[in-house]
Amino acid sequence: MAQPLESGLWQLALKLGASGSTFATCEAAQPAAQLTLAADGRLVCALHERVVCVQGGQVRAESQPFESEPITGLAAAGEVVWAGSRAGLCRSTDSGRSWETVSSELAVVALHAETPERVYAVAMGGRLWEIKCQ
């Protein structure tokens, strides 16, 4: 859900279905969100610059992979979550609890995880990258 605020910002909220229970909220300059569903049923959502991992109606992790940078791409495979932004590409091997920078040179537009070790990133300008990590 996104609501405009009087300050000119947007309030973004991640809510659970019919019950409307709120998992996470934040304020952002633009109403932007990314969403991916992992094979094990985890829902991974990026609200502006924060990543929230939900499974079984419970928040498993909530973190911020980039400092003050909106997430433009999100992908999950196994326990690995990938997040991209104009600031680069980050990877979490613990479902989004902690992050490591994989590249600070890629301005990521979109992501697709083929396996936990391999992700495809589309960078600004339309170039497709294949990234492999062990």
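So, one definition before anything else: buried means under 20% relative accessible area, exposed means over 50%, and partly exposed is in between, with a 1.4 Å probe and protein chains only.

Okay, what we have here is a predicted model, where local features need pLDDT of at least 70 and side-chain atom pairs count only at pLDDT 80 or more, while totals for chains, interfaces and linings use all residues. Residues are numbered from 1 along each chain as its sequence is written, and side-chain values use heavy atoms, with hydrogens and water left out.

Let's talk salt bridges, meaning a side-chain nitrogen of Lys or Arg within 4 Å of a carboxyl oxygen of Asp or Glu. The structure has 7 of them.

Take R50 and E62, whose side chains pair up at 2.0 Å, N to O. R50 sits in strand β6 (residues 50–55) and E62 in strand β7 (residues 58–63), so this bridge ties together parts 12 residues apart in sequence. Strands here are DSSP E runs of at least two residues, numbered from the N terminus. E62 itself is partly exposed, at 38% relative accessibility.

Next up, R91 and E100: 2.8 Å, N to O. R91 is buried at 8%, whereas E100 comes out partly exposed, with a relative accessible area of 35%.

Then there's E130 with R118, a salt bridge at 3.3 Å, N to O. Those two link distant parts of the chain, with E130 in strand β14 (residues 128–132) and R118 in strand β13 (residues 118–123), 12 residues apart. And what network do they belong to? Through salt bridges that share partners, E114, R118 and E130 are joined into one.

How values were computed: Helix = DSSP H or I, 4+ residues; strand = E, 2+ residues; numbered from the N terminus.
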